[in-house]
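Dear colleague,

I am handing over the structure below, and after it you will find my notes on what came out of going through it. Please read them with the model open beside you.

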Amino acid sequence: MQENALWQAVLGQIELGVSRGNYMTWFKNTQLIKSKDGVVVIGVPNVFVKNQLERKFDDLISKTLSENGVKANRIDYKIHTGISPLVKFDDDVLKNPGTPGPTTSTPAPRSTDAMHRVYRLGLNERYSFENFVVGGGNELAYAACQAIVKKPGDKYNPLFIYGGVGIGKTHLIQAVGNAVLAAKPNSKVVYTSSEQFVREFVDALRKKNTTDFARFHRGADVLIVDDVQFFAGKEKVQEEFFHTFNNLYQANKQIIMSSDKPPKDIPTLEERLRSRFSQGMTIDMQNPDFETRCAILHSKTLSQNIELPQEVAEFLASRFQSNVRELEGSLNQVLAYCDMRGLEPSLQTVSNMFDSSRGRPKHLSARQIIERTAKYFHISIEEILGPKRDKDIVVPRQVAMYMLRSELHLSFPKIAHELGRKDHTTAIHSIDKIEKELSYETPIKQHVTDLRGKLYA
Ligand code: ADP
Ligand code: MG
């Protein structure tokens with residue numbers, strides 16, 4: 001594919017000009033999604049990379065693109081985990097990345113080749129068993145997933161894995177999909193999130209095209225649905241999923257689901273689904289234990305050819321206990337910090353970076369928090385303090401209020417005042433709203449985690 005070749009050329013050039021650490025951390029998992037009329041869209045794996053590229057490497061990317069014949073007036077960075085760079089996709093899919101073909105208004109692809117390309121979408125090759133570190137906390141889930149790869153649809157069906165945010169559920173269930181495909185390239189593996197399922201179903205309803213939608217999911221050999229807790233309260237979708245589930249189950253096809261809580265605790269889930277979800281194997285996945293967290297850090301650095309001293313790994317593993325995503329974030333922070341200053345990641349350096357209490361310096365003023373929040377979201381301080389009610393501004397404002405509450409424990413009237421608001425109920429509602437978002441894995445949650453890291457970086 002042309003764009004792919006172009007991007008490989010750009011990356012090749014960038015690789016020569018930046019340090020290895022920088023390249024591996026910020027550029028390796030990027031791709032060119034689109035380049036048209038001077039607007040270039042680059043897919044990045046997470047918001048952390050997005051921010052870094054925007055802030056630090058925008059000029060370099062733009063210059064390198066231009067050296068390769070692309071004049072970019074604007075570069076957009078789009079978080080884009082769904083598509084592996086190795087997949088070839090047709091234009092339709094490109095226009096609508098992450099969306100399997102049959103739910104668009106075009107008829108289901110006919111050739112098996114095209115069909116399999118579509119079925120492969122949604123899986124990210126970054127998630128493999130090889131780079132998943134097994135240990136206390138995740139070994140049971142890992143073993144069940146391995147068994148499924150050997151014989152899908154056989155023993156653990158459905159498999160229901162639940163556990164907290166950022167502990168490796170998505171990684172593991174995606175690894176199953178990738179491994180099944182590696183063993184049997186013709187398998188039809190569908191990976192979707194419950195949110196995507198909902199979105200596409202609603203879309204299909206609107207276009208009166210639910211047959212294709214149903215056929216696509218019911219045609220899977222392995223159906224993987226991430227974060228099924230979001231089915232809660234959506235009756236029509238639950239009904240559709242119920243039929244999909246039954247079809248697949250009766251045909252001995254494998255179903256894998258993940259959730260942040262066990263089926264019995266998902267509110268407003270229809271009883272019949274609840275019992276379906278629990279009828280196979282249900283596994284409570286835990287955050288990896290200390291040794292496993294250290295091993296994860298080593299495996300991440302080894303794959304980048306960086307040697308991480310054991311004492312540094314232990315320092316980070318004991319400081320960032322609650323989930324692997326945060327742990328990884330802290331490691332990336334360390335690597336970037338050392339890289340920019342030409343330092344080795346020694347215990348001295350790393351403990352200087354993180355203060356003894358929860359990894360942050362003690363003093364940060366309300367004003368600093370607001371400024372850094374605005375900067376993080378790329379809006380101005382005037383905008384965050386001003387009257388505008390656009391979504392792009394309201395959300396950062398709400399996050400800033402939440403941060404003032406969670407970091408400085410300010411009172412609601414004080415928070416309102418800091419944000420130039422007279423009425424303190426705004427602060428109450430805003431903080432309440434963000435707190436609700438944080439109980440699930442939402443983009444806002446990701447922002448709050450990233451921003452918190454940045455506040456004290
Ligand atoms: P969840 O879906 O449970 O919220 P993810 O699967 O998205 O969590 O994991 C968060 C991050 O941590 C991912 O980048 C993932 O690759 C990494 N990760 C989690 N567990 C492990 C593990 N055991 N070994 C290697 N990486 C892991
Ligand atoms: Mg997940």
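K208 is found in the loop between α8 (194-206) and α9 (210-218), where helices (H or I, at least four residues) and strands (E, at least two) are DSSP runs numbered from the N terminus. The phi angle of K208 is near 50 degrees, a positive value in a residue other than glycine. Another loop, the one between α6 (139-150) and β4 (159-162), holds P158, and the peptide bond that joins N157 to P158 is cis, with omega at about -10 degrees.

As to conventions, this is a predicted model, in which local features need pLDDT of at least 70 and side-chain atom pairs count only at pLDDT 80 or more, while totals for chains, interfaces and linings use all residues. Residues are numbered from 1 along each chain as its sequence is written, chains are lettered from A and ligands numbered from 1 in the order in which they are written, and side-chain values use heavy atoms, with hydrogens and water left out.

Turning to ligand 1, there are 20 residues around it, of which V133, G166, T170, H171 and R325 come nearest; a residue is counted as near if one of its heavy atoms lies within 4 Å. Domain 2 (87-284) and domain 3 (290-455) both contribute to this shell, so ligand 1 lies between them, the domain bounds being taken from an automatic or database assignment. At least two shell residues each are supplied by α7 (169-183), α12 (290-302) and α14 (324-341).

Oxygen atoms of ligand 1 lie 2.7 Å from a side-chain N or O atom of T170, 2.6 Å from one of H171 and 2.9 Å from a polar side-chain atom of E328. Taken alone, ligand 1 exposes 550 Å², and the protein buries 97% of that, with areas from the Shrake-Rupley method and a 1.4 Å probe.

Lastly, which residues line the second largest cavity? They are G163, G164, V165, K169, D227, Q229, D260 and E441, a lining residue having an atom within 4 Å of a point on a 1 Å grid over the protein atoms alone, and a cavity being a set of such points where a 1.4 Å probe fits but cannot get out.

With kind regards

Methods. Polar contact = N/O pair within 3.5 Å; in protein donor to acceptor, adjacent residues only side chain to side chain. 1 Å grid on protein atoms, 1.4 Å probe; cavity = no way out; pocket = protein on both sides within 12 Å on 5 of 7 lines; lining within 4 Å.
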